[in-house]
Amino acid sequence: MDAVRLIWTSRRALADSGGRAEILTEVWQAQALAQAIGSRLAVSGPPELRGEALGLTELAGRGCGVLGSPDLDPGDLLAARLTELDDARQALLDLGGLLAEVGIALVGLASSMDDQATYWQCVEAIDAADESRDRVLEMLRKLAAREEREEREGALPER
């Protein structure tokens, strides 16, 4: 399935989640999806994105690790359904939005927690989501710079 479609599926599931366990599961799903997208871009994405994509993979993996693996059937794992990443720019734009929503959901969850362990788990996951989003924004900046450079080079007269 295409990355953009999976991201929107994850965004809807996060928005529809209610209880603590459901929110944490959807946050984990979003981080696992970010990890898969980062991995895909690191291997086969534009060369200028590969370093940041590796960083995204590591950070999103940390976000998953902090939360622990939810009890999901293999068929329910969104990241495992990633087969296409046709439009890197759109996928990164949408992923940035998803990671921002993850942070907001975690802030809401953390602020309602009496349990210190869950509170700190949320704080660490917020940090991972924020850093992952920073990587996504940097990749978008690099894509924009590449597009601008290509437009300039295309506008130059041939010699």
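This note sets out points on the side-chain contacts of the structure above.

1. Basis of the note. The model is predicted, so local features are taken at pLDDT of at least 70 and side-chain atom pairs at pLDDT 80 or more, while totals for chains, interfaces and linings use all residues. Residues are numbered from 1 along each chain as its sequence is written, and side-chain values rest on heavy atoms, with hydrogens and water left out.

2. Nonpolar core. A nonpolar core is taken as a set of buried Ala, Val, Leu, Ile, Met, Phe, Trp, Tyr and Cys residues joined through side-chain atoms within 4.5 Å. Buried means under 20% relative accessible area, exposed over 50%, and partly exposed in between (1.4 Å probe, protein chains only). The largest such core holds 46 residues, and those touching the most other members are Ile-37, Leu-41, Leu-92, Leu-95, Val-102, Val-136 and Met-139. At least two residues of this core come from each of α1 (3-16), α2 (20-44), α3 (50-67), α4 (88-111) and α5 (116-155). Helix α2 gives the most, with 12 residues. Helices (H or I, at least four residues) and strands (E, at least two) are DSSP runs, numbered from the N terminus.

3. Surroundings of Val-136. Leaving aside residues up to four places away in sequence, Val-136 touches Leu-56, Leu-92, Leu-95, Gly-96 and Leu-99. Contact here means heavy atoms within 4.5 Å.

4. The whole structure contains nine salt bridges, each defined as a side-chain nitrogen of Lys or Arg within 4 Å of a carboxyl oxygen of Asp or Glu. One of them joins Arg-135 and Glu-52, at 3.6 Å from N to O. Because Arg-135 belongs to helix α5 and Glu-52 to helix α3, this pair ties together parts 83 residues apart in sequence. Glu-52 is buried at 17% relative accessibility, whereas Arg-135 is partly exposed at 29%.

5. Arg-146 and Glu-150 form a salt bridge whose closest N and O atoms are 3.7 Å apart. These two residues are four apart in helix α5, and therefore separated by about one helical turn. Arg-146 is partly exposed at 22% relative accessibility, as is Glu-150 at 45%. A second bridge links Arg-152 with Glu-148, with closest N and O atoms 3.2 Å apart. Arg-152 and Glu-148 are likewise four residues apart in helix α5, or about one helical turn. Shared partners join Glu-48, Arg-146 and Glu-150 into one salt-bridge network.

6. Aromatic rings. Rings of Phe, Tyr and Trp (its six-membered ring) pair if their centres lie within 6.5 Å; planes under 30 degrees apart count as stacked, over 60 as edge-to-face and the rest as tilted. One aromatic pair is found by this rule. It consists of Tyr-119 and Trp-120, whose ring centres are 5.0 Å apart with planes at 85°, so the arrangement is edge-to-face. Tyr-119 is partly exposed at 28% relative accessibility, and Trp-120 is partly exposed at 46%.

7. Charge over a ring. The charged end of Arg-11 sits over the ring of Trp-8, 4.4 Å from its centre. The criterion is NZ of Lys or CZ of Arg within 6 Å of the ring centre and within 35 degrees of the ring normal.

8. Cysteines. Zero disulfides are counted, the test being a pair of cysteine sulfur atoms within 2.5 Å. The sulfur of Cys-64 has its closest cysteine sulfur in Cys-122, 14 Å away, which is too far for a bond. Cys-64 is buried at 8% relative accessibility, and Cys-122 is buried at 0%.
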